[in-house]
Amino acid sequence: MLRSYTKPTVALARASVSSRSIYTHPSFKLSDPSLLVSTGWVNGRPLEAHSGDTYNLTDPATNQTWHSMADLGVHETEQAIQAAHDAFPAFSAIPARTRGRMIMEMDRLFLQAKDDLAQIAVMECGKTLQEALGELGAACELMSDWCDGRASHSWKAEFRADHQRRSLG
């Protein structure tokens, strides 16, 4: 049993738009509102808090609540861990190159939705729009770099080759 957990941030997944939105800054408009969800996302499905509890997301600039999220806890965390554990054998059997293509598709979807994702980061974290766009760009670049180099080979073999202990002196 887990002893502590970190509250999740806004989940980014395709789902129906939540009715929990409370306040929205006038400039906060998503071209794809389905990117903003109010639940967790486990095993390809939305996950509400077992307790039914929610917590509010607050605009750091105005201190006004702008969205409400499911307050996921230990029970939901254990469900997510079990789902990942159950999925591991099948996922690890997928060839590395195919897994790399899956990550490249995620990269493509991130880039397609970057303006909306940046808007969410601005509202949730108080970042500037340029900072949020820069972080999303860096995340996409990291995914692309990983797929270009490591996904074409077995990660384990690549890890061993790249990370040998060497004396610094």
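How much of the accessible surface of the chain belongs to carbon and sulfur atoms? In this predicted model, the accessible surface comes to about 11200 Å², and carbon and sulfur atoms account for 56% of that area. The chain has 169 residues, of which 30% count as buried. Contacts between residues at least 6 apart in sequence were also examined, and 63% of these join residues at least 24 apart.

The secondary structure consists of 5 helices and 4 strands.

A pleasing detail is found at strands E3 and E4. Strand E3 covers residues 54-58 and runs antiparallel to E4, to which 5 bridges join it. Within this pairing, Tyr55 stands opposite Met69 of E4. The two strands form a hairpin, with 6 residues lying between them; in the turn, Asn63 adopts a positive phi of about 60 degrees. Strand E4 itself, spanning residues 65-70, is mostly covered, as 5 of its 6 residues are buried.

The average pLDDT is 77, and 71% of the residues score at least 70. Among the elements, helix H1 (residues 74-92) has the highest mean pLDDT, at 95, whereas helix H5 (residues 155-162) has the lowest, at 49. Over residues 1-22 pLDDT stays under 50, and the model has 62 contacts beyond four places in sequence for this stretch. Residues 151-155 likewise stay under 50, with 10 contacts beyond four places in sequence.

How values were computed: Residues are numbered from 1 along each chain as its sequence is written. This is a predicted model: local features need pLDDT of at least 70, side-chain atom pairs count only at pLDDT 80 or more; totals for chains, interfaces and linings use all residues. Side-chain values use heavy atoms; hydrogens and water are left out. Buried means under 20% relative accessible area, exposed over 50%, partly exposed in between (1.4 Å probe, protein chains only). Two strands pair if DSSP finds at least two bridges between them. Contact means heavy atoms within 4.5 Å. Accessible areas come from the Shrake-Rupley method with a 1.4 Å probe; for residues, only the protein chains shown count as cover. pLDDT is the predictor's confidence in each residue, from 0 to 100.
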